[in-house]
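Visitor: I would like to go through this model and ask what stands behind each label. Please set each value against its definition.

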Amino acid sequence: HENNVRYNCNKCHKNFSRKSNLNEHVKSSHGNVRNNCDKCDKSFSQKSSLNTHIKSVHENVRHNCDKCEKSFAWKTHLITHIKSVHEDVQYNCEKCDKSFSRKGYLSKHIQVVHENVRYNCDKCDKSFTYKSHLKSHIQSVLEYVRYEC
C-alpha cells in the first residue's frame with residue numbers, strides 16, 4: 001500500500017493493491033472455480049461472495065446505516081452509501097466533467113469513454129463495452145444457453 005504498487009491481471013483490465021487479491025481474482029474469474037452454497041443452489045466465483053451470501057441470505061446479517069434507515073448485506077455497500085449519500089464524496093474524471101459515487105464507476109467510465117476498451121468476440125465481429133455482455137453473447141448466441149422462466 002505504501003509504495004502504491006499495483007498488480008495487474010494479464011487476462012483483463014483489473015489491477016489490485018495486493019498480490020493475494022490478484023491471485024484470488026485470477027482463480028475465481030478466469031479459472032472457473034465455483035464456491036457452492038450448501039444451503040441453496042447458488043454458487044459464486046469468490047469465496048468472500050459466498051460468505052456474504054450465507055450471512056445475508058441464510059443468517060440475515062445486515063449492515064445498518066446509522067444516519068438513515070437503509071441496511072446492506074455487504075459492508076462495502078454501506079461504506080459507499082455513507083460516502084455518496086451522507087458525505088457527498090464524489091470521484092471526478094480528469095478528462096471530462098463527469099463525477100461518480102464509486103471509484104469503480106469512474107474506472108469503468110474511463111475505460112469505456114476515454115480509453116475505448118472493448119471486449120471482442122473471437123467467433124464473430126461483435127464487440128462489447130462490458131465483459132459480462134460478451135459473456136452473455138457467447139452463452140446465448142454461440143452456445144445456445146437458454147434460461148427457463
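Visitor: Why is Ser127 called partly exposed?
Guide: Ser127 has 27% relative accessibility. Buried means under 20% relative accessible area, exposed means over 50%, and partly exposed is in between, with a 1.4 Å probe and protein chains only. The value for Ser127 falls in between, so Ser127 counts as partly exposed. This is a predicted model, in which local features need pLDDT of at least 70, side-chain atom pairs count only at pLDDT 80 or more, and totals for chains, interfaces and linings use all residues. Residues are numbered from 1 along each chain as its sequence is written, and side-chain values use heavy atoms, with hydrogens and water left out.

Visitor: Which strand holds Ser127, and what does Ser127 touch?
Guide: Ser127 sits in strand β10, residues 127–128. Helices (H or I, at least four residues) and strands (E, at least two) are DSSP runs, numbered from the N terminus. Beyond its neighbours within four places in sequence, Ser127 has contacts with Arg118, Tyr119 and Asn120, where contact means heavy atoms within 4.5 Å. From Ser127 to Phe44, 83 residues apart along the chain, the C-alpha separation is 26 Å.

Visitor: Why is Gln111 called buried?
Guide: The relative accessible area of Gln111 is 16%. That value is under the limit for buried, so Gln111 is called buried. Gln111 belongs to helix α4, residues 103–114. With residues up to four places away in sequence not counted, Gln111 touches His13, Asn116, Val117 and Tyr119.

Visitor: What makes His25 buried?
Guide: His25 has a relative accessible area of 4%, and this too is under the cut-off, so the label is buried. The residue is part of helix α1, residues 19–30. Leaving aside neighbours within four places in sequence, the contacts of His25 are Cys9, Cys12, Lys14, Phe16 and His30.

Visitor: How do you know that Asp38 and Lys39 form a salt bridge?
Guide: A salt bridge is a side-chain nitrogen of Lys or Arg within 4 Å of a carboxyl oxygen of Asp or Glu. The closest N and O atoms of Asp38 and Lys39 are 3.7 Å apart, so the pair meets the rule. Side chains of opposite charge can pair when their charged atoms come close. Asp38 is at 67% relative accessibility and therefore counts as exposed.

Visitor: What makes Asp66 and Lys67 a salt bridge?
Guide: Their closest N and O atoms are 3.9 Å apart, so this pair also meets the rule. Asp66, at 67% relative accessibility, is exposed, whereas Lys67, at 48%, is partly exposed. The count by this rule is two salt bridges.

Visitor: How many helices and strands does the chain have, and what share of the residues is buried?
Guide: The protein chain has five helices and ten strands. Buried residues are 24% of its 149 residues.
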